[in-house]
Amino acid sequence: MTMSALRRPGERDRLVVKFTQIDWTMAFALCLLAGVGSLMMFSVAGSSWEPWAGQHLFRFGVCFVLMIALAMFDLRVWFALAYPIYGIGLALLLAVEFVGDTRMGATRWLDIGFMSFQPSEVMKVGIVLALARFYHGISADDARLSWWLLVPAAMIAAPVLLVAHQPDLGTAMLIAMTGAAVVVLAGLSWKVIGAAVISFAAAVPIMVLFVMHEYQRKRVMTFLNPENDPSGSGYHILQSKIALGSGGLFGKGYGLGSQSQLNFLPEKHTDFIFATLAEEFGFLGCALVLALFAALIFMAMRTASLAHSHFGRLAAAGVTATFTLYVLINGAMVMGLAPVVGVPMPLLSYGGTVMLTVMIGWGLVQSVRVHRYSEVTSGKGAFV
Amino acid sequence: MSEPSIFFSEVNERQGAFHRRSFLLGGFAGAGLLALGGRLAHLQLLEAQRYEKLSASNQFNFRLVPPPRGLIVDRNGEVLATNRPNFRLLVVKDGEHEPGPTLKTLAHFVPLDEARQARLLREFERTPNRVPVSVMEDMTWEQFSAINIRAPELPNVTADMGEVRVYPHGGAFAHVIGYVAKVNREDLTETGPNSEPILLHPGFRIGRQGVERAFDLDLRGRTGARKVEVDARGREVRSDPGGDIPAVPGKTVELTLDVDIQKRALEVMDDESGAIVVMDCRSGDLLCMVSAPSFDANRFVRGLSVAEYRALADYERRPLLDKAMSGTYPPGSTFKMTTALAALGAGVNPDERINCPGGWRFGGRTWRCWRHSGHGPQNMHEAIKNSCDIYFYHVALRIGPDHIARAAKALGFGLAFDIGIPGQRTGVVGSTEWKRTRVKRDPKWHPGDSVSYGIGQGYITANGLQLAVMTARLANGRKQLNPRLIKSVGGVEMPPGDKAPNLPFSQEHLDYVRAAMVAVANDTRGTAFRQSQLGLGDVLMAGKTGTAQVRSFDGVADRDSRSVRWGLKDHNLYVAFAPIDKPRYAISVIIQHGGLGGATAAAPRAREVMRVALLKDPEIRARITQPLPLPDVSDLPPVGMAPDGSVLAPSPDGGDPV
């Protein structure tokens, strides 16, 4: 198909054309990563599709189709639904606060009859959409420094506080950092950024000492000195580092990782699946997977910068920021650079909710890609 | 706010800002990923070896194999302490499985009542994760196989075969050998042999008393290990026999004791409380060292219940006390040889006669002889033979305490001997110097102190071992023999007891005292004549009786009263050696609160034990089986046992000699 063909009026709105405009390289990279995840689950289950590997592939398949479907939605639809999705997310978070299920000391789940889910996941996409929608409607000057900025500040603060109160510090941080990324991308004044960074750095010790829950504080302390308590809470980090380090350059071989196969590695198929990979495929395997992640992030950022609409740019970049944060936080945790927080490795880790959230995000990125030329004009201001 | 997207410059400005910032954030993301890559390289390339080791130490576990504890044998190789197989049930706890429900499940297969479960749970709390706790010992084969069949459904449970210490002769050697018991937290140390991980093994036992404690390190042997591959719960996945390290059994400890003599000695003690020590007069080897009543060391290995322990600890005859070494008693008249040697050394003429009217008024009180009617004029020989107290009151007063103390120390009083095991109490040997430094409320030595000192009362106490050493030194007649209990450890012979300096007494004086001891047992008027006849032909025994007061009678109460409460009766002592011509064995017998007169309770027992010792000796046997030389005169009455064959019961007409 030539560029001239695409210039025909209405041609871009045809479904077949949209289909060809999907970034198939990116889709292929997603498939590869999910495949690697399934491969590792097959290994740690003792060469069995049960109970994780098959389910993981199946879920990815369903989510992949969903991603393609979402990519077909015009950006204007996303645009129009941005505030409603955010609003619903916020309402659900409030609902969790009052009627949520409490599991393991944290109120994160909402029971909706046939299934229970975490509204904080909705917020991960909702915050990106709402902020993109908001910045789409204001000028560069206003985005740099103005009283308008109180609005995104409130938009970020509300879900972050609600999620932190559940308590789910990992997700709260993720939402806050995603929001911050969008705000920065939208052109926030460097002075404000500087002030925020400094005050954040000053606030961290206070948070650790006075605001955090005991188990959260323990995790942080354990992270700072994992060898102190090798069989207690430092166990996770230590075993993960042993798995990584003992993998060496080439790894111990597929299915031969003693750390994961003999259950020394905790959460070997979910949060710590990267350590399983590192043990069996070594530095080379890890480097390849990290390169794949880098390529995905690069492709997503390129998609964002190619978008004609400010909404599209910010939305795609926001999703990319979330995805990148997932990868960096999980990687740092597995390698003993960050405390153990429940952040999985996207696409590699077993888990339905995360898979769904991540693939909805990629659906949005693909939609931005497909509709990169579309001008979102329906928005005339920040809220209307 | 106007419609921003209409103004091209506005849009451009926003787009420009976005692009600049997206480069920046993209850079951050790239830097983050590179940092992860760098960290990976650090862990996987630079530190790989370190983590490989850690991984291997996770994956491969050396399961410690306790070495078989060394045997303890008697002088003839008879086993006194050995090990027997033991089916035991071990449970480990980890983070995943609580031991409580596991114990409840196990209670279906082995008897585990609520109280025992509660005790075990407390033990689990003290034990670190992955260190097994012994839930049951000595399971039957049925219980063992029932557990083993169900092993796959019982996580963290293993039934295995270990070894447990067993003492085939029960209580006969309990005080000497001691026993082994579970390791307490107090036993564990940061460094040294007690820091080794094997001490945490549930089958490991540590020596608690006697030889088991003193030679614990020799008996332990070297811990072996079995190389196994384990999963995170510590369950074995595979074993790797190539990597095993064999355990080295503990060394054998050979004692100088003789099982037959030891067991007979405990038997003859019957219900009495006391000690019997037999010592070789030539080598210093201890052939018997018994303290009665005794206890079954096997019960200590299994672990005593509180009730059992209380029963042992609260019994007034103190079975847990080693009376041969740790119990000190006034030697009474068995001390008279010492006083005699001291007097001879101080220039007292043995032929000088001192009249014994039965009592002596001195220092404001009346000092009585045991024979209230008196012995009449006595020389030293007669005074020992008749155990005349008045004679020794006078002699002791004349020579003073320091001569006596010197002689006593030369004969072994007040000393702790290096016999390899701890627990000896030295007792007291009084002297002016000693009293000045040790008796704070009355540091001056009074003449009255010397008077009672002379007959082995007052500031003189001794244990059974010291009395045996004294007798053996007298019998040996030349050397300051040292006792030896440990013959060899791991085949290495221990130094014998006869490598010792000579006694500081003249041969003439020693011979004089020994002749008096012979008279005690062989002169028809000697205090222990009837109870000292061995019935072994010309193999005769020499001895000395003794009574030690436990309270002051002062003529108030009747010392001989059989109605006196056990705890207030006199101690009954006897020391002896045989044969009189070529002394071979020395014996000391202490019968705690045995009543008045060394001949009544102690001497018959000494005679029986001495007979056993002599009859085991090939040299003596050869001598006995030879025909006796024709008797030339018949001034001695027939020699032999009591008519009913009993050698234990005091003769019916046994008088009252002290």
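Reader: Two strands pair if DSSP finds at least two bridges between them. Over how many bridges do strand 20 and strand 21 of chain B pair?

Author: Seven, in the antiparallel sense, between residues 571-578 and residues 585-592. Strands (E, at least two residues) and helices (H or I, at least four) are DSSP runs, numbered from the N terminus. This is a predicted model, where local features need pLDDT of at least 70 and side-chain atom pairs count only at pLDDT 80 or more, while totals for chains, interfaces and linings use all residues. Residues are numbered from 1 along each chain as its sequence is written, with chains lettered from A and ligands numbered from 1 in the order in which they are written.

Reader: What stands opposite A576(B)?

Author: I587(B), in strand 21 of chain B.

Reader: And the order of the open sheet in chain B?

Author: Its five strands run 12-11-21-20-19, with antiparallel pairing. Strand 12 (286-292) and strand 19 (542-548) of chain B are the edges, each pairing on one side only.

Reader: Which residues have the most contacts inside the largest nonpolar core?

Author: V277(B), V278(B), C288(B), I587(B) and V609(B), in a core of 138 residues. Such a core is a set of buried Ala, Val, Leu, Ile, Met, Phe, Trp, Tyr and Cys residues joined through C-beta atoms within 7 Å. Buried means 20 or more other C-beta atoms within 10 Å of the residue's own, exposed 12 or fewer, and partly exposed in between, with C-beta atoms placed from the backbone. Helix 20 (residues 598-616) of chain B gives the most to this core, nine residues.

Reader: Switching to chain A. At what angle do helix 6 and helix 8 pack?

Author: About 175 degrees, with axes 10 Å apart. Axes are lines fitted to C-alpha atoms, for helices over the stretch in contact, and angles run from 0 to 180 degrees between N-to-C directions. Helix 6 and helix 8 of chain A are therefore roughly antiparallel, the term for angles over 145 degrees.

Reader: Which residues of helix 6 of chain A meet helix 8 of chain A?

Author: Among them are M123(A), I127(A) and F134(A), and helix 8 of chain A brings residues including M155(A) and P159(A). Contact means C-beta atoms, placed from the backbone, within 7 Å.

Reader: How many residues does each chain put into the contact between chain A and chain B?

Author: Chain A gives 48 and chain B 40. Helix 14 of chain A supplies the largest share of chain A's side, 12 residues.

Definitions and conventions. Angles under 35 degrees count as roughly parallel, over 145 as roughly antiparallel, 65 to 115 as roughly perpendicular and the rest as oblique. Two residues are in contact if their C-beta atoms, placed from the backbone, lie within 7 Å.
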